[in-house]
Amino acid sequence: MYRAPRGTSDILPGEQGYFRYIEEKAAELCRLYGYERIDTPVFEDARLFIRTIGPGTDIVEKETYSFEDRSGQAMTLRPEGTAPICRAYLEHGMHNLPQPVRLYYFASIFRYERPQKGRYRQHQQFGVEALGDGDPALDAEVIDMAWQFFASTGLANLSLQINSIGCKKCRPRYLDELKGYYSQYVAELCSDCKARLRRSPLRILDCKKPSCQGLAVAAPQSTDYLCHDCKEHFESVMGYLSLLGIQFQKNHRLVRGLDYYTRTVFEIQPQGEEGAQSALGGGGRYDDLIEELGGKPTPAVGFAVGIERIVLNMKQQRIALPAPSGQRVFVAYSGEEAKNEAIKLVATLRRCGIPTLSGLGDRSLKAQLRQANALGAAYALIIGEDEVKSGTVELRDMAKGEQRRVSMGEVVSVLGWGTV
Ligand code: AMP
């Protein structure tokens, strides 16, 4: 028996309601904030991700699904959504559009991770990117959007954490300080962090191993090393968030797992689980990324949220989905002639926008009605020999168990929204 690959899952019909609900909330939010949808390919030139996410990051070192295509080109399944959008921004000359360009996406993301609850090898993200403006008000807009998005899903008890990790001018001095600090405790660092110490000391702050977490508490804080401009920028972001009435906590250990971030970084987590691998979403500024890809300096900011984790949290918090709209009709028949009438009637109802199913084969009427019940049909339309002769159908209200005869010509208008 084949099974879905480890770390992946099928989204069965019973689960789809959550995914569609979240997608609708996200699309509505983007409409309000003026963000337009973009879709990029599932795979890209492998170098795009190595270059932007950073060679020292877990994602690039251990987690990409990479392969050579038949012409020998190195390809990678998208392990995050931002770099492809920056590539598209450049490729399609979007710098010629009014700035910032506001985009959003839904995308499958592939990372070869150790599967556990809320951590999969394929998951879905909803993300937004605002490209082409460095104004801290844009950071606040994007953070506000993430916050309002979670509010719209009904999730409660979330916390917003923010930090600034500076820019290429001020960060080197901070990284030196961090290296100096952690060099005193090499023996206590996990093996991954020992390697990180040389190449990407920022990542140590983010390590989830208890010994590394303990050391992070007293580590130098990036906000103490910000240059004048970064400091002002961060203060403004926090000022605007306060104007918007959004509560946040500063978290000096928040650095995010990708190399391209500059200045603002933020994450949204279920309260009480800070530090665990529980972030529902996160993002930040990436002012150098487009330049890194060969474009003009183009400041930008964005966020992404993980849909599966939101579904998990919605279930934990017992958030009910709105009842599905559109009541189903089931057409049952008995005999060959009745079957022909049933086939025509099903087609007519569907063409009139009424969701309809019917029996198949030569099952008894009783069995078909049982099936109608199991499918949650609100009404059954029953056609037997008598009905064929008289050009009528029996209309059965499944909940009440009541039945009445209507003429074939009337069925659509009788079923037409709410007049039954
Ligand atoms: P990241 O790009 O790592 O910041 O991820 C953005 C969001 O996607 C996270 O906050 C999670 O909600 C979700 N996410 C990241 N990695 C995974 C994963 N392996 N499985 C499920 N959700 C994930």
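Helices are DSSP runs of H or I with at least four residues, strands are DSSP runs of E with at least two, and both are numbered from the N terminus. The model is predicted: local features need pLDDT of at least 70, side-chain atom pairs count only at pLDDT 80 or more, and totals for chains, interfaces and linings use all residues. Residues are numbered from 1 along each chain as its sequence is written, and side-chain values use heavy atoms, with hydrogens and water left out.

**View A. Domain arrangement.**
The domain assignment, which is automatic or taken from a database, divides the protein into domain 1 (13-170 + 226-316) and domain 2 (329-416). Taken over C-alpha atoms, the centres of domain 1 and domain 2 are separated by 50 Å.

**View B. The loops that hold P100 and N157.**
P100 belongs to the loop between α4 (82-91) and β5 (101-110). The peptide bond joining Q99 and P100 is cis, with omega about -5 degrees. N157 lies in the loop between α5 and β7 (158-164). The phi angle of N157 is near 55 degrees, a positive value in a residue other than glycine.

Three strands, in the order β2-β4-β3, make up an open sheet with antiparallel pairing; two strands are taken to pair if DSSP finds at least two bridges between them. β2 (43-45) and β3 (66-68) each have a single partner strand and stand at the edges, so one side of each is left without a neighbour in the sheet. From one strand to the next, the twist averages 35 degrees. β2 and strand β4 (residues 74-77) run antiparallel and are joined by three bridges. D45 has M75 in β4 as its bridge partner. Helix α2 (residues 46-53) lies across β2 and β4 and runs at about 80 degrees to β2. Axes here and below are lines fitted to C-alpha atoms, for helices over the stretch in contact, and angles run from 0 to 180 degrees between N-to-C directions.

**View D. The open sheet of eight strands.**
The strand order of this open sheet is β1-β5-β6-β11-β10-β9-β7-β8, eight strands with mixed pairing. At the edges stand β1 (36-37) and β8 (249-250), each with a single partner strand, so one side of each is left without a neighbour in the sheet. Strand β9 (residues 262-270) and strand β10 (residues 281-285) run antiparallel and are joined by five bridges. Opposite F266 stands G283 in β10.

**View E. Packing of helices α5 and α10.**
The axes of helix α5 (residues 136-153) and helix α10 (residues 228-243) come within 8 Å and cross at roughly 45 degrees. α5 is therefore oblique to α10; angles under 35 degrees count as roughly parallel, over 145 as roughly antiparallel, 65 to 115 as roughly perpendicular and the rest as oblique. P136, A137, D139, A140 and I143 of α5 meet H233, S236, V237, Y240 and L241 of α10, contact being defined as heavy atoms within 4.5 Å. Seven nonpolar, two polar and one charged residue form the contact of α5 with α10; Ala, Val, Leu, Ile, Met, Phe, Trp, Tyr, Cys and Pro count as nonpolar, Asp, Glu, Lys and Arg as charged, and the others, Gly among them, as polar.

**View F. Packing of helices α1 and α5.**
Helix α1 (residues 13-33) packs with α5 at an angle of about 145 degrees, their axes being 10 Å apart. The α1 and α5 crossing is right-handed. On the α1 side, Y21, I22, K25, A26, L29, C30 and Y33 meet E141, D144, M145, Q148, F149, S152 and T153 in α5. The contact of α1 with α5 comprises eight nonpolar, three polar and three charged residues.

**View G. Packing of helices α1 and α12.**
The axes of α1 and helix α12 (residues 307-316) cross at roughly 115 degrees and come within 10 Å. α1 is therefore roughly perpendicular to α12. α1 and α12 have a right-handed crossing. E15, Y18, F19, Y21 and I22 of α1 meet I307, E308, I310, V311, M314 and K315 of α12. Eight nonpolar, no polar and three charged residues take part in the contact of α1 with α12.

Terms used: A crossing is left-handed if the near helix is turned anticlockwise from the far one by less than a right angle, and right-handed if clockwise.
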